[in-house]
Each structure stands twice: as C-alpha cells, then as structure tokens.
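Biologist: Can you walk me through this model? Keep it short, please.

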Amino acid sequence: MRKVRNFFTGRLFPTLLLLLLFAAAFAFFALRLPVALAPFAAAERLFSFGVGVWVANEDNLSENKTAKLLLLLLLPYTGAVLCLCMKKRRTGDAALPIETTADSAEYFSEGADAFVRLLDDLKGAQTSIYLEFYIIAQGVLWQSVLAVLKEKAKAGVDVRVIYDDFGCALTMPRRYPKTLEKAGIRCRVFRPVRLSRRASLRDHRKIAVIDGYVAYTGGINLADEYAGKQIRFGHWKDAAVRVTGSAAKAFEGLFLQTFGSAAAQGAEGGKIPCTVFADRADESPRTGIGTVVSLVRGAKQRLWLFTPYLSPDGELLYALKAAARDGADVRIAVPHLPDKKSVFLLTRHYARKLEEFGVRVREYEAGFLHAKNIVSDGDAAVSSYNLDFRSMRLQAECGVVVHDKTFADAVAADFEAVWDLSVPTPPATRRERFLVSFLKLFAPLA
C-alpha cells in the first residue's frame with residue numbers, strides 16, 4: 001500500500017498521466033492529419049527528411065542513430081518531433097579515471113555483510129557522512145541507518161543524502177527531503193521526475209563515504225531486499241567493496257560534485273593501487289565503458305563477469321568476443337529469474353550470441369543476481385555499472401578497480417560459487433526471437 005500511495009501522491013503519477021495524454025494526442029494527429037491535411041503531407045516528409053539528416057550527422061553512437069531513424073519511419077508527423085525532443089548529451093573531454101591508492105580494500109560477497117560493516121562505520125563517524133544511492137526504500141534497513149544519521153546530525157556531524165527521484169518514486173514520499181532536513185540531514189533529490197528531455201538520465205550510483213576515509217560502492221541500494229530482510233526472486237545475490245584512504249577521498253569528491261560542493265584533496269600513500277572511475281548522467285564521452293573495455297582487453301587468462309543485465313553496445317561486444325578468441329577464459333554470470341522481462345530477453349539474446357564465439361554464459365538459479373563485478377587476471381572491479389547500454393552510455397555510475405591479486409582472488413572465489421549454482425542458457429523460442437528483433441533496435445534510445 002505504501003508504494004501505491006507514493007505513486008499517486010508523488011511526481012511519477014502526474015508525469016505518466018501527461019505522457020499518456022501526450023501520446024494520445026500524437027496518435028490522434030498521426031491518424032487524422034494525413035487525411036485532413038493531405039496538401040501538407042509533402043511538407044511533413046521534407047521536415048522528417050531534414051530531421052533524419054540532422055540525426056545522421058549527430059555526434060552520437062550508431063545504435064542510437066538507428067533507433068531514432070526507425071522512429072522517423074514508423075511514426076509520421078510525430079517521430080520527427082520525438083527525435084528533436086530527445087536530449088543530445090553534452091560532449092567534451094572525457095573525465096579520466098582517478099589513479100589512486102587504498103590503505104585497505106575489503107570485498108563483500110553479500111549485501112547483508114556489507115551493511116553490518118557500514119552501520120558500524122556510520123556509528124563511528126566523527127566529521128561527515130555522505131550517502132548517494134539510486135534507491136532508498138523505507139523499511140528495516142533504512143530505519144536502522146536513519147536512526148544513526150539523526151543521532152550523528154544532532155551531534156554536529158555533516159550528514160548529507162542524495163537519492164534518485166525516479167529510483168525512489170515508489171519508495172519515498174514526495175516531501176521526504178523536508179523530513180530529513182528537519183532532522184538536520186541535508187538532502188538532494190536527483191532530477192525530480194517530470195516530462196523533459198533529461199528524464200531518462202538518472203543517478204544510478206551507490207556511494208557511502210564516512211569521514212572522507214572510508215567508502216563503499218557496488219550493486220547494493222539502501223533497501224531491505226539488498227540486505228536479505230525482504231525476499232524478492234529468492235536469494236538476492238549482490239556485492240560491495242569497502243576501501244579506505246585516498247580511494248575513499250576520490251568517492252567523496254564524486255559525491256560532493258553531485259551535491260554541488262567543493263571537494264578536498266586526499267593524501268596519497270596507500271599500499272593498494274586502485275582506479276576509481278565514474279560517469280555523470282549528462283556527459284559524453286564516457287569513462288566507464290573505457291575502463292570496462294580496458295579490463296576486457298587486458299585479460300590474458302581469466303575474464304569473469306557478474307551482471308544482472310547483458311545488453312552490450314558494439315564496442316563492448318567486440319571486446320568480449322576478441323578476448324575469448326585470443327584464448328582467455330571468458331565467463332559471464334547472469335540471472336535466471338527476470339526482474340525486467342524485456343531486458344531479460346535481451347540478456348539471453350546476447351548470451352547466446354557471445355556463446356557462438358567461445359564466451360561461456362550461465363544463469364544464476366538460486367535467486368536474483370544483482371552484483372556487477374569483473375575479474376580480469378589479477379585485477380577486479382566492483383561497481384554500479386550493468387553491462388547494458390543505459391549504464392554504460394547514459395546514467396551516472398561509479399566503481400573501483402582494485403589492482404591486487406588477493407582481492408581479485410576473493411572476487412573470483414565468489415564468482416566460482418555463483419557459477420556452481422548456475423545453469424546454461426536455454427535455446428531461444430520463436431516468440432523470443434521475434435520480440436528481441438524489435439527490442440534490440442530501440443534499446444539505445446536516450
């Protein structure tokens with residue numbers, strides 16, 4: 001009932017209502033205008049042709065251009081307008097990955113274990129607590145965290161929270177930031193949901209930073225299913241990493257950049273080399289795809305990947321094929337149970353496609369696999385990035401590569417445990433092949 005109440009009282013319901021009205025109006029005019037305004041049909045075709053030329057000359061990925069051009073063909077009068085309404089991402093110099101160090105790097109193969117440690121770190125905070133998550137949901141976990149945040153804010157600790165408005169549309173009341181502010185917790189809602197060209201660009205990061213010295217990231221959100229306190233799709237398999245030292249300072253900088261504050265510089269000197277990488281939701285070129293492709297290309301022996309969604313663009317798809325062709329042991333673990341059926345169909349399609357080139361893909365059968373890790377020989381990455389177009393090319397994301405064999409072996413051991421609980425991808429049905437032929441065409445739309 002809470003989710004239903006939040007849906008009707010939040011920003012999502014009026015936005016969806018406007019979108020439906022907008023679509024109905026477009027459908028009406030698309031059907032009526034060709035008859036009522038036949039003399040203007042040539043003008044409409046010329047306008048669509050002009051938009052098509054503009055799309056073809058955009059500084060954008062070929063997958064994105066193809067999807068837009070299909071809209072022009074399928075939707076007379078309206079397709080051209082929709083293409084013009086789609087935001088062209090800001091371009092500039094790519095933000096370079098941050099080469100830094102960590103005093104320690106600890107891997108958590110379960111969200112529940114990570115949250116136990118996180119709560120202890122929150123309770124020990126002396127100067128600052130910064131939390132940035134795609135989803136924060138009211139429940140047992142959030143109430144435990146919130147109690148600590150209120151206590152620390154009352155004691156003078158700088159407590160700040162960022163959450164994504166779309167990610168929390170069904171989990172947080174519309175005026176919840178004011179509730180937090182009353183408790184002394186500074187809050188920012190990332191891009192309140194409304195009908196605009198920026199609506200699809202979300203903050204999918206998972207960051208917790210304490211005192212600028214301890215940081216967490218990974219696949220976990222602040223919701224009960226990630227801590228094993230609510231059952232969804234069976235066992236919720238996730239992962240996280242805890243880094244200390246300069247690497248944590250880098251994550252603090254990412255948080256403060258989103259919050260709109262200046263970040264302090266961290267001191268070097270840690271013993272474990274790390275690479276912190278991240279992308280903002282409105283930037284191109286992207287750092288994450290470059291980091292992931294570098295890990296894929298650099299693998300000589302083992303390349304093991306966890307991902308809940310497998311829908312790579314051409315660059316990543318080619319890199320995975322090449323790694324298998326060059327003799328690396330390339331394996332990908334994906335879910336056996338879908339949480340989003342359309343993305344699940346794409347995941348199975350690309351799994352079968354990669355298997356033709358020697359990549360082994362198996363589906364985790366014990367529950368839902370939400371971890372987003374990569375093991376590349378003696379390096380391992382833990383991040384918020386899914387191996388799909390939206391994560392790699394559109395959303396705000398973050399992660400860390402730990403250049404340490406002991407850490408990589410810990411992630412690899414977790415992968416092997418997941419692999420043992422996984423089954424081969426089944427052959428495609430005729431219905432799946434038909435649906436995927438359309439889904440993969442429109443997946444890159446921004």
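**Salt bridges, sheet and core**

Modeller: Arg 160 makes a salt bridge with Asp 158, with the closest N and O atoms 3.0 Å apart. A salt bridge here is a side-chain nitrogen of Lys or Arg within 4 Å of a carboxyl oxygen of Asp or Glu. This is a predicted model: local features need pLDDT of at least 70, side-chain atom pairs count only at pLDDT 80 or more, and totals for chains, interfaces and linings use all residues. Residues are numbered from 1 along each chain as its sequence is written, and side-chain values use heavy atoms, with hydrogens and water left out.

Biologist: Is Arg 160 buried or exposed?

Modeller: Arg 160 counts as buried because its relative accessibility is 9%. Buried means under 20% relative accessible area, exposed over 50%, partly exposed in between (1.4 Å probe, protein chains only).

Biologist: How many salt bridges are there in the whole structure?

Modeller: The search finds 19. One of them joins Arg 348 and Glu 363, with the closest N and O atoms 2.8 Å apart. That pair links distant parts of the chain: Arg 348 is in helix 12 (residues 341–355) and Glu 363 in strand 16 (residues 360–364), 15 residues apart. Helices (H or I, at least four residues) and strands (E, at least two) are DSSP runs, numbered from the N terminus.

Biologist: Which residues share that network?

Modeller: Salt bridges with shared partners join Arg 348, Arg 352, Glu 363 and Glu 432. Glu 363 counts as buried, because its relative accessibility is 1%.

Biologist: New topic. What is the strand order in the open sheet?

Modeller: The seven strands run 3-10-8-7-4-5-6, with mixed pairing. Strand 3 (104–108) and strand 6 (186–190) are at the edges, each with a single partner strand, so one side of each has no neighbour in the sheet. Two strands pair if DSSP finds at least two bridges between them.

Biologist: In which sense do strand 5 and strand 6 pair?

Modeller: Parallel, over five bridges, with strand 5 covering residues 158–164. Ile 162 has Arg 188 of strand 6 as its bridge partner.

Biologist: And the largest nonpolar core: which residues touch the most other members?

Modeller: Phe 251 and Phe 407, out of 47 residues. Helix 9 gives the largest share, eight residues. A nonpolar core is a set of buried Ala, Val, Leu, Ile, Met, Phe, Trp, Tyr and Cys residues joined through side-chain atoms within 4.5 Å.
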